[in-house]
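Good morning, everyone, and thank you for making time for this.

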Amino acid sequence: LNREIKVNKASLSRLVYTLVENGYLAKNEKTGEFSLTLKTYEVGLNAVQNLDKLSLINSTLVDLNNRSGRIAQFSVEDNHQLLCLQSIGREAMTFSVYTSVGHRSPLYSTSAGKALLSCCSNGDIIEKWDKMNVQPLTENTLTNVQDFLQDIGLTRQRGYALDREENEYHVFCLGTVVMDFSNRPIGAISISGSSLTESEEKELSDLVLTSGRKLSALLGYAVR
């Protein structure tokens with residue numbers, strides 16, 4: 001085995017010992033052979049479930065992009081920032097930093113970020129506020145926490161969040177949270193474009209909310 005994986009015997013012995021100690025391998029004391037445990041099987045199941053989850057998210061974004069004609073993204077909160085994990089659309093890499101996979105944006109100035117924050121209590125948001133390094137990115141950025149909480153209140157009522165050139169000029173976004181079987185937010189889907197009129201908001205919000213609810217249901221979320 002050490003020749004197959006190109007690891008010396010001493011290092012391999014330490015790795016095997018660690019796997020046994022943590023319950024991923026079991027040793028047959030009579031034969032000295034090792035076998036995988038059910039704990040390893042659980043890791044495999046979780047990996048498959050994550051692949052299924054990514055497939056569902058991707059198909060939702062493709063559908064959103066096709067039906068809205070706008071860039072569709074899936075983003076998560078990471079270390080008090082918004083991290084874009086997937087972005088679908090011909091202009092996704094050039095339209096905005098926000099729509100580029102792997103790029104980080106502020107939570108407080110993006111629709112996906114605000115959708116995720118709307119799941120927090122006002123007290124939790126106030127606690128996060130200083131950690132988010134809030135600063136004006138455009139003249140529309142909400143930098144006062146009380147003004148921001150009022151906006152979050154509207155987000156909770158509507159079920160979706162808006163970014164009207166708050167993160168970048170000429171970029172308008174609309175997003176909603178995605179839940180899973182644990183009844184917790186795992187991320188947010190959003191769409192981005194260069195305009196958002198009242199009629200566009202009505203049409204696109206219906207589309208995004210429907211997509212978000214369907215995706216959440218597929219991920220096991222049940223309204224309680």
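Let me start with a term that we will need, namely that two strands are said to pair if DSSP finds at least two bridges between them. Please also keep in mind that this is a predicted model.

With that in hand, we can turn to strand S7, residues 172–179, and strand S8, residues 185–193, which run antiparallel and are joined by 8 bridges. One of these links is that between methionine 179 and its bridge partner in S8, proline 185. S7 and S8 form a hairpin with 5 residues between them, and in the turn asparagine 183 has a positive phi of about 60 degrees.

S7 also pairs with strand S6, residues 161–164, again in the antiparallel sense, over 4 bridges, and here alanine 161 has glycine 175 of S7 as its bridge partner. As for how covered S7 is, 8 of its 8 residues are buried.

Lysine 114 lies in helix H5, residues 111–117. Is lysine 114 buried or exposed? Its relative accessibility is 0%, and since buried means under 20%, lysine 114 counts as buried.

Among the buried residues of H8 are Glu201, Leu204 and Ser216, and the helix is followed by glycine 220, whose phi is positive, near 100 degrees.

Technical notes. Residues are numbered from 1 along each chain as its sequence is written. This is a predicted model: local features need pLDDT of at least 70, side-chain atom pairs count only at pLDDT 80 or more; totals for chains, interfaces and linings use all residues. Side-chain values use heavy atoms; hydrogens and water are left out. Buried means under 20% relative accessible area, exposed over 50%, partly exposed in between (1.4 Å probe, protein chains only). Helices (H or I, at least four residues) and strands (E, at least two) are DSSP runs, numbered from the N terminus.
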